[in-house]
Amino acid sequence: MAEVEPVPEAVLNATDSNGTEALNATAKFVATPEGTALAYGSLVVMALLPIFFGALRSVTCSKSKNSADAPETITSRDAARFPIIASCTLFGLYLFFKVFSQEYINLLLSVYFFVLGVLALSHTMSPAMARIFPPSVPNKQYQLLFTQGSGESKEEIVNYEFDTKNLICLVISSVVGVWYLLKKHWIANNLFGLAFALNGVELLHLNNVSTGCILLGGLFVYDVFWVFGTNVMVTVAKSFEAPIKLVFPQDLLEKGLEASNFAMLGLGDIVIPGIFIALLLRFDVSLKKNSRTYFYSSFLAYIFGLGLTIFVMHTFKHAQPALLYLVPACVGFPVVVALVKGELTEMFSYESSEEVLPASPRITSFPTVSGSPASLATSMETMATGSSHRRLQPTAM
(Lines give C-alpha, C1' and ligand atoms only; values in the text may rest on other atoms or scores of the structure.)
Protein backbone atom coordinates (compact mmCIF):
# COMPACT_ATOMS: atom_id res chain seq x y z
CA MET A 1 0.00 0.00 0.00
CA ALA A 2 2.73 2.40 0.88
CA GLU A 3 6.41 2.09 1.19
CA VAL A 4 9.13 4.08 2.82
CA GLU A 5 12.50 3.99 1.17
CA PRO A 6 15.73 5.49 2.51
CA VAL A 7 17.72 8.01 0.56
CA PRO A 8 20.49 6.14 -1.22
CA GLU A 9 23.93 7.62 -0.97
CA ALA A 10 25.00 6.17 -4.32
CA VAL A 11 24.11 7.32 -7.81
CA LEU A 12 20.36 7.69 -8.33
CA ASN A 13 18.33 7.63 -11.52
CA ALA A 14 17.77 11.23 -12.54
CA THR A 15 14.09 12.00 -12.79
CA ASP A 16 12.17 15.12 -13.61
CA SER A 17 9.57 16.83 -11.44
CA ASN A 18 6.81 14.71 -13.00
CA GLY A 19 8.38 11.52 -11.75
CA THR A 20 9.47 10.18 -15.16
CA GLU A 21 12.97 8.87 -15.59
CA ALA A 22 15.37 11.00 -17.58
CA LEU A 23 17.12 8.95 -20.22
CA ASN A 24 20.86 8.40 -20.07
CA ALA A 25 21.27 10.60 -17.04
CA THR A 26 22.33 10.05 -13.49
CA ALA A 27 22.52 12.44 -10.60
CA LYS A 28 24.21 12.24 -7.28
CA PHE A 29 21.84 13.56 -4.70
CA VAL A 30 22.24 13.20 -0.99
CA ALA A 31 19.69 15.16 0.99
CA THR A 32 21.01 17.42 3.71
CA PRO A 33 19.81 16.69 7.26
CA GLU A 34 17.88 19.95 7.19
CA GLY A 35 16.24 19.13 3.85
CA THR A 36 15.31 15.62 4.98
CA ALA A 37 13.87 16.87 8.27
CA LEU A 38 11.87 19.58 6.50
CA ALA A 39 10.51 17.13 3.92
CA TYR A 40 9.49 14.47 6.42
CA GLY A 41 8.11 16.99 8.89
CA SER A 42 6.02 18.60 6.17
CA LEU A 43 4.67 15.25 5.00
CA VAL A 44 3.64 14.33 8.55
CA VAL A 45 1.85 17.66 9.01
CA MET A 46 0.12 17.34 5.62
CA ALA A 47 -0.98 13.81 6.52
CA LEU A 48 -2.47 14.96 9.82
CA LEU A 49 -4.52 17.84 8.40
CA PRO A 50 -7.01 15.82 6.29
CA ILE A 51 -7.36 13.21 9.04
CA PHE A 52 -8.16 15.77 11.73
CA PHE A 53 -10.49 18.00 9.73
CA GLY A 54 -11.95 15.14 7.70
CA ALA A 55 -12.89 13.34 10.91
CA LEU A 56 -14.60 16.45 12.26
CA ARG A 57 -16.48 16.90 9.02
CA SER A 58 -17.47 13.22 9.00
CA VAL A 59 -19.38 13.78 12.23
CA THR A 60 -21.42 16.65 10.82
CA CYS A 61 -22.24 14.82 7.58
CA SER A 62 -23.15 11.49 9.22
CA LYS A 63 -26.80 12.60 9.31
CA SER A 64 -28.48 13.99 6.23
CA LYS A 65 -32.13 14.51 5.46
CA ASN A 66 -31.32 14.12 1.81
CA SER A 67 -30.28 10.53 1.12
CA ALA A 68 -28.29 11.69 -1.90
CA ASP A 69 -25.96 13.61 0.43
CA ALA A 70 -25.39 10.71 2.82
CA PRO A 71 -21.84 9.37 3.20
CA GLU A 72 -20.85 6.06 1.68
CA THR A 73 -20.89 3.27 4.27
CA ILE A 74 -18.30 0.48 4.20
CA THR A 75 -19.62 -2.83 5.52
CA SER A 76 -17.65 -5.84 6.75
CA ARG A 77 -18.26 -7.55 3.40
CA ASP A 78 -16.86 -4.52 1.54
CA ALA A 79 -13.87 -4.46 3.88
CA ALA A 80 -13.11 -8.15 3.35
CA ARG A 81 -13.25 -7.83 -0.44
CA PHE A 82 -11.32 -4.58 -0.67
CA PRO A 83 -7.76 -5.99 -0.42
CA ILE A 84 -8.59 -8.56 -3.12
CA ILE A 85 -10.08 -5.95 -5.44
CA ALA A 86 -7.16 -3.62 -4.72
CA SER A 87 -4.65 -6.37 -5.53
CA CYS A 88 -6.38 -7.18 -8.83
CA THR A 89 -6.50 -3.51 -9.76
CA LEU A 90 -2.86 -2.97 -8.82
CA PHE A 91 -1.72 -5.96 -10.86
CA GLY A 92 -3.94 -4.84 -13.75
CA LEU A 93 -2.26 -1.44 -13.76
CA TYR A 94 1.11 -3.18 -13.67
CA LEU A 95 0.21 -5.16 -16.80
CA PHE A 96 -1.14 -2.03 -18.50
CA PHE A 97 2.12 -0.21 -17.95
CA LYS A 98 4.04 -3.21 -19.27
CA VAL A 99 1.93 -3.57 -22.43
CA PHE A 100 0.85 -0.04 -23.33
CA SER A 101 2.68 3.25 -23.62
CA GLN A 102 3.14 4.91 -20.25
CA GLU A 103 2.76 8.31 -21.86
CA TYR A 104 -0.78 7.71 -23.15
CA ILE A 105 -1.95 5.97 -19.99
CA ASN A 106 -0.79 8.88 -17.86
CA LEU A 107 -2.40 11.36 -20.27
CA LEU A 108 -5.78 9.68 -19.76
CA LEU A 109 -5.22 9.54 -16.01
CA SER A 110 -4.29 13.23 -15.93
CA VAL A 111 -7.57 14.22 -17.56
CA TYR A 112 -9.53 11.90 -15.25
CA PHE A 113 -7.88 13.24 -12.11
CA PHE A 114 -8.22 16.80 -13.38
CA VAL A 115 -12.02 16.43 -13.26
CA LEU A 116 -12.01 14.63 -9.90
CA GLY A 117 -9.48 17.05 -8.45
CA VAL A 118 -11.50 20.12 -9.41
CA LEU A 119 -14.64 18.66 -7.83
CA ALA A 120 -12.84 17.49 -4.69
CA LEU A 121 -11.04 20.79 -4.17
CA SER A 122 -14.30 22.70 -4.72
CA HIS A 123 -16.00 20.56 -2.08
CA THR A 124 -13.13 21.18 0.32
CA MET A 125 -13.27 24.94 -0.22
CA SER A 126 -17.07 25.32 -0.07
CA PRO A 127 -17.45 25.71 3.74
CA ALA A 128 -14.88 28.52 3.80
CA MET A 129 -16.50 30.15 0.77
CA ALA A 130 -19.91 29.99 2.48
CA ARG A 131 -18.48 31.96 5.43
CA ILE A 132 -16.70 34.67 3.42
CA PHE A 133 -19.25 35.08 0.62
CA PRO A 134 -20.61 38.66 0.74
CA PRO A 135 -24.31 38.72 1.75
CA SER A 136 -24.89 41.56 -0.70
CA VAL A 137 -24.06 39.33 -3.68
CA PRO A 138 -27.05 37.27 -4.89
CA ASN A 139 -26.50 33.53 -4.49
CA LYS A 140 -28.29 32.07 -7.50
CA GLN A 141 -29.10 28.38 -7.88
CA TYR A 142 -28.13 26.32 -10.94
CA GLN A 143 -28.66 22.77 -12.11
CA LEU A 144 -26.96 20.72 -14.80
CA LEU A 145 -29.05 17.69 -15.70
CA PHE A 146 -28.36 14.92 -18.22
CA THR A 147 -30.92 12.18 -18.70
CA GLN A 148 -31.23 9.08 -20.82
CA GLY A 149 -34.48 7.84 -22.36
CA SER A 150 -37.90 9.38 -22.01
CA GLY A 151 -41.12 8.92 -20.10
CA GLU A 152 -41.10 6.32 -17.35
CA SER A 153 -37.82 4.89 -18.62
CA LYS A 154 -35.99 8.21 -18.20
CA GLU A 155 -32.82 7.77 -16.20
CA GLU A 156 -30.60 10.46 -14.69
CA ILE A 157 -26.99 10.29 -15.81
CA VAL A 158 -25.76 13.51 -14.20
CA ASN A 159 -27.68 15.70 -11.76
CA TYR A 160 -25.36 18.53 -10.84
CA GLU A 161 -26.81 21.19 -8.54
CA PHE A 162 -24.79 24.23 -7.53
CA ASP A 163 -25.04 27.88 -6.61
CA THR A 164 -22.94 31.01 -7.08
CA LYS A 165 -20.66 30.14 -4.16
CA ASN A 166 -20.03 26.68 -5.57
CA LEU A 167 -19.38 28.22 -8.98
CA ILE A 168 -16.66 30.45 -7.56
CA CYS A 169 -15.07 27.43 -5.88
CA LEU A 170 -15.20 25.55 -9.18
CA VAL A 171 -13.48 28.40 -11.01
CA ILE A 172 -10.68 28.61 -8.43
CA SER A 173 -10.28 24.84 -8.44
CA SER A 174 -10.21 24.79 -12.24
CA VAL A 175 -7.29 27.23 -12.22
CA VAL A 176 -5.41 24.84 -9.92
CA GLY A 177 -6.39 21.97 -12.21
CA VAL A 178 -5.04 23.68 -15.33
CA TRP A 179 -1.85 24.48 -13.43
CA TYR A 180 -1.49 20.82 -12.53
CA LEU A 181 -2.20 19.63 -16.08
CA LEU A 182 0.32 21.98 -17.65
CA LYS A 183 3.11 21.97 -15.09
CA LYS A 184 2.53 18.95 -12.83
CA HIS A 185 3.84 21.22 -10.08
CA TRP A 186 4.17 19.63 -6.67
CA ILE A 187 2.11 22.33 -4.94
CA ALA A 188 -0.82 21.76 -7.30
CA ASN A 189 -0.39 18.01 -6.78
CA ASN A 190 -0.58 18.49 -3.01
CA LEU A 191 -3.67 20.69 -3.20
CA PHE A 192 -5.50 17.96 -5.09
CA GLY A 193 -4.03 15.24 -2.88
CA LEU A 194 -5.13 16.96 0.33
CA ALA A 195 -8.62 17.48 -1.12
CA PHE A 196 -8.87 13.80 -2.09
CA ALA A 197 -7.73 12.69 1.36
CA LEU A 198 -10.07 15.03 3.25
CA ASN A 199 -13.04 14.00 1.10
CA GLY A 200 -12.23 10.34 1.64
CA VAL A 201 -12.05 10.64 5.42
CA GLU A 202 -15.21 12.74 5.50
CA LEU A 203 -17.41 10.76 3.14
CA LEU A 204 -16.27 7.14 3.52
CA HIS A 205 -17.71 5.75 6.76
CA LEU A 206 -16.96 2.42 8.42
CA ASN A 207 -20.14 1.00 9.96
CA ASN A 208 -18.42 -0.37 13.07
CA VAL A 209 -15.05 -1.04 14.69
CA SER A 210 -15.00 -4.68 13.63
CA THR A 211 -15.29 -3.63 9.99
CA GLY A 212 -12.43 -1.20 10.52
CA CYS A 213 -10.27 -3.98 11.96
CA ILE A 214 -11.09 -6.22 8.98
CA LEU A 215 -10.23 -3.46 6.50
CA LEU A 216 -7.00 -2.41 8.19
CA GLY A 217 -5.95 -6.02 8.79
CA GLY A 218 -6.55 -6.98 5.17
CA LEU A 219 -4.67 -3.99 3.83
CA PHE A 220 -1.88 -4.68 6.33
CA VAL A 221 -1.31 -8.04 4.60
CA TYR A 222 -1.82 -6.46 1.17
CA ASP A 223 0.78 -3.78 1.86
CA VAL A 224 3.42 -6.14 3.21
CA PHE A 225 2.95 -8.64 0.39
CA TRP A 226 3.10 -6.21 -2.52
CA VAL A 227 6.02 -4.26 -1.05
CA PHE A 228 8.21 -7.12 0.16
CA GLY A 229 7.00 -9.98 -2.05
CA THR A 230 7.05 -8.43 -5.54
CA ASN A 231 8.19 -5.39 -7.50
CA VAL A 232 4.66 -4.68 -8.74
CA MET A 233 3.86 -1.82 -6.38
CA VAL A 234 7.24 -0.18 -6.91
CA THR A 235 6.83 -0.36 -10.69
CA VAL A 236 3.32 1.09 -10.62
CA ALA A 237 4.37 3.78 -8.14
CA LYS A 238 7.17 4.93 -10.43
CA SER A 239 5.00 4.83 -13.56
CA PHE A 240 1.72 6.20 -12.24
CA GLU A 241 1.43 9.99 -12.57
CA ALA A 242 -1.57 11.26 -10.64
CA PRO A 243 -2.24 13.41 -7.56
CA ILE A 244 -2.82 10.42 -5.29
CA LYS A 245 0.25 11.13 -3.22
CA LEU A 246 1.61 13.99 -1.17
CA VAL A 247 5.10 15.12 -2.06
CA PHE A 248 7.62 17.50 -0.58
CA PRO A 249 11.06 18.35 -2.01
CA GLN A 250 14.15 17.52 -0.02
CA ASP A 251 16.11 20.13 -1.95
CA LEU A 252 13.67 22.98 -1.28
CA LEU A 253 16.27 24.92 0.69
CA GLU A 254 18.69 24.73 -2.24
CA LYS A 255 16.35 25.15 -5.23
CA GLY A 256 13.24 26.80 -3.85
CA LEU A 257 9.88 26.06 -5.49
CA GLU A 258 11.62 24.53 -8.52
CA ALA A 259 13.02 21.69 -6.40
CA SER A 260 12.64 18.22 -7.90
CA ASN A 261 13.90 15.57 -5.45
CA PHE A 262 10.83 14.49 -3.54
CA ALA A 263 9.82 12.50 -0.52
CA MET A 264 6.35 11.04 -1.09
CA LEU A 265 3.50 9.73 1.04
CA GLY A 266 0.61 7.85 -0.57
CA LEU A 267 -2.97 8.86 0.12
CA GLY A 268 -3.79 5.27 1.06
CA ASP A 269 -1.69 5.69 4.19
CA ILE A 270 -3.78 8.72 5.12
CA VAL A 271 -7.31 7.74 4.12
CA ILE A 272 -7.37 4.13 5.37
CA PRO A 273 -6.25 4.92 8.94
CA GLY A 274 -8.15 8.22 8.69
CA ILE A 275 -11.59 6.66 8.20
CA PHE A 276 -10.92 4.43 11.23
CA ILE A 277 -9.93 7.46 13.33
CA ALA A 278 -13.07 9.28 12.11
CA LEU A 279 -15.17 6.28 13.21
CA LEU A 280 -13.68 6.53 16.70
CA LEU A 281 -14.54 10.22 16.83
CA ARG A 282 -18.17 9.37 16.03
CA PHE A 283 -18.00 6.75 18.76
CA ASP A 284 -16.77 9.42 21.19
CA VAL A 285 -19.73 11.60 20.21
CA SER A 286 -22.15 8.70 20.72
CA LEU A 287 -20.94 8.27 24.32
CA LYS A 288 -22.18 11.80 25.11
CA LYS A 289 -19.44 12.25 27.70
CA ASN A 290 -18.10 15.49 26.25
CA SER A 291 -14.69 13.89 25.68
CA ARG A 292 -12.77 12.75 22.63
CA THR A 293 -10.59 10.11 24.28
CA TYR A 294 -10.64 7.53 21.50
CA PHE A 295 -10.21 10.09 18.76
CA TYR A 296 -7.16 11.66 20.34
CA SER A 297 -5.62 8.31 21.30
CA SER A 298 -5.94 7.01 17.73
CA PHE A 299 -4.73 10.33 16.32
CA LEU A 300 -1.63 10.18 18.51
CA ALA A 301 -1.22 6.53 17.52
CA TYR A 302 -1.14 7.57 13.87
CA ILE A 303 1.59 10.11 14.59
CA PHE A 304 3.53 7.44 16.49
CA GLY A 305 3.13 4.87 13.70
CA LEU A 306 4.20 7.26 10.95
CA GLY A 307 7.16 8.44 13.00
CA LEU A 308 8.16 4.85 13.73
CA THR A 309 8.07 4.06 10.02
CA ILE A 310 10.50 6.85 9.27
CA PHE A 311 12.73 5.90 12.20
CA VAL A 312 12.96 2.23 11.14
CA MET A 313 13.65 3.25 7.56
CA HIS A 314 16.62 5.36 8.50
CA THR A 315 17.90 2.91 11.08
CA PHE A 316 17.94 -0.15 8.79
CA LYS A 317 18.31 1.69 5.47
CA HIS A 318 15.58 -0.48 3.95
CA ALA A 319 12.19 0.20 2.43
CA GLN A 320 9.26 -0.17 4.83
CA PRO A 321 5.50 -0.51 4.14
CA ALA A 322 3.89 2.20 6.25
CA LEU A 323 0.81 0.17 7.18
CA LEU A 324 3.08 -2.36 8.84
CA TYR A 325 3.40 0.20 11.64
CA LEU A 326 0.26 2.31 11.24
CA VAL A 327 -2.27 -0.52 11.54
CA PRO A 328 -1.04 -1.99 14.87
CA ALA A 329 -0.71 1.52 16.31
CA CYS A 330 -4.10 2.86 15.18
CA VAL A 331 -5.95 -0.30 16.25
CA GLY A 332 -3.88 -1.17 19.32
CA PHE A 333 -3.87 2.19 21.11
CA PRO A 334 -7.69 2.66 21.20
CA VAL A 335 -8.24 -0.99 22.17
CA VAL A 336 -5.88 -0.60 25.13
CA VAL A 337 -7.66 2.61 26.15
CA ALA A 338 -11.03 0.82 25.92
CA LEU A 339 -9.70 -2.05 28.06
CA VAL A 340 -8.46 0.37 30.71
CA LYS A 341 -11.78 2.25 30.74
CA GLY A 342 -13.86 -0.93 30.63
CA GLU A 343 -15.57 0.11 27.39
CA LEU A 344 -14.22 -2.54 25.00
CA THR A 345 -17.58 -4.29 24.56
CA GLU A 346 -19.32 -0.97 24.05
CA MET A 347 -16.75 0.10 21.47
CA PHE A 348 -17.08 -3.09 19.39
CA SER A 349 -20.88 -3.06 19.62
CA TYR A 350 -21.12 0.53 18.41
CA GLU A 351 -22.77 0.99 15.01
CA SER A 352 -21.94 4.22 13.23
CA SER A 353 -25.27 5.91 12.63
CA GLU A 354 -26.83 9.31 12.97
CA GLU A 355 -24.78 11.06 15.65
CA VAL A 356 -23.98 14.67 14.90
CA LEU A 357 -22.40 17.41 16.91
CA PRO A 358 -25.10 19.68 18.38
CA ALA A 359 -25.40 23.08 16.72
CA SER A 360 -22.86 22.09 14.07
CA PRO A 361 -23.60 23.60 10.66
CA ARG A 362 -23.81 21.43 7.58
CA ILE A 363 -20.56 21.70 5.68
CA THR A 364 -21.20 19.36 2.82
CA SER A 365 -23.37 21.60 0.68
CA PHE A 366 -21.67 20.85 -2.59
CA PRO A 367 -22.89 20.02 -6.08
CA THR A 368 -23.99 16.42 -6.42
CA VAL A 369 -22.80 14.32 -9.30
CA SER A 370 -25.06 11.43 -10.22
CA GLY A 371 -27.02 12.22 -7.07
CA SER A 372 -24.36 12.10 -4.39
CA PRO A 373 -21.00 13.55 -3.40
CA ALA A 374 -20.40 10.21 -1.72
CA SER A 375 -20.25 8.59 -5.13
CA LEU A 376 -17.55 11.10 -6.03
CA ALA A 377 -15.62 10.20 -2.89
CA THR A 378 -15.97 6.52 -3.66
CA SER A 379 -14.57 7.02 -7.14
CA MET A 380 -11.71 9.09 -5.81
CA GLU A 381 -10.78 6.79 -2.98
CA THR A 382 -11.03 3.65 -5.08
CA MET A 383 -8.26 5.15 -7.14
CA ALA A 384 -6.46 6.74 -4.22
CA THR A 385 -6.44 3.78 -1.85
CA GLY A 386 -7.21 0.75 -3.91
CA SER A 387 -5.82 0.90 -7.38
CA SER A 388 -2.33 2.29 -6.88
CA HIS A 389 -1.11 2.61 -3.33
CA ARG A 390 1.85 4.89 -3.31
CA ARG A 391 4.97 4.83 -1.28
CA LEU A 392 6.77 7.28 0.90
CA GLN A 393 9.89 7.55 -1.18
CA PRO A 394 12.62 10.09 -0.59
CA THR A 395 14.32 9.46 -3.91
CA ALA A 396 15.27 11.72 -6.76
CA MET A 397 12.38 12.38 -9.05
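Which side chain meets that of Arg-81 in a salt bridge? It is the side chain of Asp-78, at 3.3 Å from N to O. Here are some notes on this and other features, and please keep in mind that the model is predicted.

1. **The Arg-81 and Asp-78 pair.** Both residues belong to helix α2, which covers residues 76-99. They sit 3 residues apart, about one turn of the helix. Arg-81 is partly exposed, with a relative accessible area of 40%, and Asp-78 is also classed as partly exposed, at 29%. The salt bridge between them is one of 5 that a search of the whole structure finds.

2. **Glu-343 and Lys-289.** This is a salt bridge worth a look in your viewer. The closest N and O atoms of Glu-343 and Lys-289 are 2.4 Å apart. Glu-343 is found in the loop between α11 (323-341) and α12 (344-349), while Lys-289 is in the loop between α9 and α10 (293-316), so the bridge ties together parts that are 54 residues apart in sequence. Glu-343 is buried, with a relative accessible area of 6%. Lys-289, in contrast, comes out as partly exposed at 47% relative accessibility.

3. Lys-341 is partly exposed, with a relative accessible area of 37%. Taken together, Lys-289, Lys-341 and Glu-343 form a network of salt bridges.

4. In the pair of Phe-91 and Tyr-94, the ring centres are 5.9 Å apart and the planes make an angle of 25 degrees, so the rings are stacked. Phe-91 and Tyr-94 are 3 residues apart in helix α2, which puts about one helical turn between them. Phe-91 is partly exposed, at 36% relative accessibility, whereas Tyr-94 is buried, at 15%.

5. **The aromatic cluster.** Which residues do ring pairs link into a cluster? The members are Phe-97, Tyr-112, Phe-113, Tyr-180, Phe-192, Phe-196 and Phe-240.

6. **How α5 packs with α9.** Helix α5 (residues 186-203) and helix α9 (residues 268-287) pack at an angle of about 35 degrees, and their axes are 8 Å apart. Their crossing is right-handed. On the α5 side, the contact is made by Ala-197, Gly-200 and Val-201. The α9 side brings Ile-270, Val-271, Gly-274, Ile-275 and Ala-278. Sorted by class, the contact has 6 nonpolar and 2 polar residues, with no charged ones.

7. **Helix α7.** Is this helix, at residues 232-239, largely enclosed or largely open? Of its 8 residues, 6 are buried, so α7 is largely enclosed by the rest of the structure. The buried residues are Val-232, Met-233, Val-234, Val-236, Ala-237 and Ser-239.

Terms used. Residues are numbered from 1 along each chain as its sequence is written. This is a predicted model: local features need pLDDT of at least 70, side-chain atom pairs count only at pLDDT 80 or more; totals for chains, interfaces and linings use all residues. Side-chain values use heavy atoms; hydrogens and water are left out. Axes are lines fitted to C-alpha atoms, for helices over the stretch in contact, and angles run from 0 to 180 degrees between N-to-C directions. Helices (H or I, at least four residues) and strands (E, at least two) are DSSP runs, numbered from the N terminus. A crossing is left-handed if the near helix is turned anticlockwise from the far one by less than a right angle, and right-handed if clockwise. Contact means heavy atoms within 4.5 Å. Ala, Val, Leu, Ile, Met, Phe, Trp, Tyr, Cys and Pro count as nonpolar, Asp, Glu, Lys and Arg as charged, and the others, Gly among them, as polar. Buried means under 20% relative accessible area, exposed over 50%, partly exposed in between (1.4 Å probe, protein chains only). A salt bridge is a side-chain nitrogen of Lys or Arg within 4 Å of a carboxyl oxygen of Asp or Glu. Rings of Phe, Tyr and Trp (its six-membered ring) pair if their centres lie within 6.5 Å; planes under 30 degrees apart count as stacked, over 60 as edge-to-face and the rest as tilted.
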